[in-house]
Amino acid sequence: MNETVNGFEFTEENFPWHKIPKGVATVCDMSSNIGSRPINWDHFDVVYAGAQKNLGPTGSTVIIVKESLLNNADKDVPIMCDWTTFENSPGTYYNTPPVWCIYVMGANMSYQNQLGGIEKFDKDCEIRSKMLYDLVDSASDYYVCRVNKGFRSRVNAIFRIEGDLTLEDKFIKECEALKMVNVKGHPYNPGLRICMYNAMPIEGVVELCKFMRKFMEENPIKLPKLTYFDAYGVAETIRMSLWKAGAKFDDDRVTF
Ligand SMILES: Cc1ncc(COP(=O)(O)O)c(C=O)c1O
């Protein structure tokens, strides 16, 4: 439901459910947003999630499967990949489970429930992401987020300093000096990426936003000086493109 590299997220409201053919099982990777919003379980047949973002330590994976799909594995499915194997545990162990990871995840879930559970984390997630995207949008000539507003991830906000990409390295270094680490985008989608999983306190994003405002003031984007000839060249390029696209020029009017 959430894609960390490009920073978009489907919600159950905006996901195109009608595109899933009838009778086809719906399998969902919720690794990065499980625990951050309520789930309508009627929508899913299988949900899986690496625990490492919102739930617990890396090394454990949560798999939630409709009972009707158990005992149904193809004969070529290796025993350790057949969910029925685990469903039959602890009667039949085929391996030693990562007990420490599972234990810590359980303890963390209980802790999150004591703090207010899904309702609290859903609300926090909304506050954090709204605060950050509002700042980015209000400074859109500096910080540019190209993700469609209706699908922006609440847990991975991705933006760039498009006016001067060299400022991004400075941004990352200054963040590190303030102990705000890992704000660099994924190698497949360079830029800046702010991850705000359940463990991130709202205050962390408040501090980040303060830093971002200050950074913007201290590092204005230097616009290249445009000479008359540059401007004339740009205007001519646009005119040629329009002409090639079939535009007709009549005094100061352009028609197609
Ligand atoms: C939605 C989603 N699935 C899978 C993964 C992969 O997790 P791992 O880091 O264990 O490879 C990630 C990690 O970013 C993710 O966000």
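Val 27 sits opposite Val 46 in strand S4. Strands here are DSSP runs of E with at least two residues, helices are DSSP runs of H or I with at least four, and both are numbered from the N terminus. Two strands count as paired if DSSP finds at least two bridges between them.

Before going further, note that this is a predicted model: local features need pLDDT of at least 70, side-chain atom pairs count only at pLDDT 80 or more, and totals for chains, interfaces and linings use all residues. Residues are numbered from 1 along each chain as its sequence is written.

## The mixed sheet

S3 and S4 are part of an open sheet of three strands, in the order S3-S4-S5, with mixed pairing. Strand S3 (27-29) and strand S5 (61-65) each have a single partner strand, so one side of each is left without a neighbour in the sheet. From one strand to the next, the twist averages 10°. For angles like this, axes are lines fitted to C-alpha atoms (for helices, over the stretch in contact), and the angles run from 0 to 180 degrees between N-to-C directions.

## The antiparallel sheet

There's another open sheet of three strands, this one in the order S6-S8-S7 with antiparallel pairing. S6 and S7 are its edge strands, each pairing on one side only. The twist here averages 55° from one strand to the next.

Strand S6 (residues 156-159) and strand S8 (residues 189-195) are joined by four bridges. Asn 156 has Cys 195 in S8 as its bridge partner, and Ala 157 has Ile 194. On the S7 side, two bridges link strand S7 (residues 184-186) to S8, with His 186 partnered by Asn 189. A hairpin takes the chain from S7 to S8 through two residues.

## Two helices side by side

Helix H3 (residues 117-138) packs against helix H5 (residues 202-218) at an angle of about 5°, with the axes 10 Å apart.

Which residues in H3 meet H5? They are Asp 124, Ile 127, Arg 128, Met 131, Leu 132 and Leu 135, and they meet Ile 202, Val 205, Cys 209 and Met 212 in H5. Being in contact means that the C-beta atoms, placed from the backbone, lie within 7 Å. The residues of this contact divide into eight nonpolar, no polar and two charged. Ala, Val, Leu, Ile, Met, Phe, Trp, Tyr, Cys and Pro count as nonpolar, Asp, Glu, Lys and Arg as charged, and the others, Gly among them, as polar.

## Domains and where they touch

The protein chain splits into domain 1 (2-115), domain 2 (118-218) and domain 3 (226-256), with bounds from an automatic or database domain assignment. The C-alpha centres of domain 1 and domain 2 are 28 Å apart.

Contact between these two domains involves 19 residues of domain 1 and 21 residues of domain 2. On the domain 1 side, strand S2 (8-9) and helix H2 (99-115) each supply at least two residues. That side divides into five nonpolar, 11 polar and three charged residues.

## Around the ligand

Around the ligand you'll find Asn 2, Thr 4, Asp 29, Ser 31, Ser 32 and Gly 50. A residue is near the molecule if its C-beta atom, placed from the backbone, lies within 6 Å of it. This shell has no nonpolar residues, five polar and one charged.
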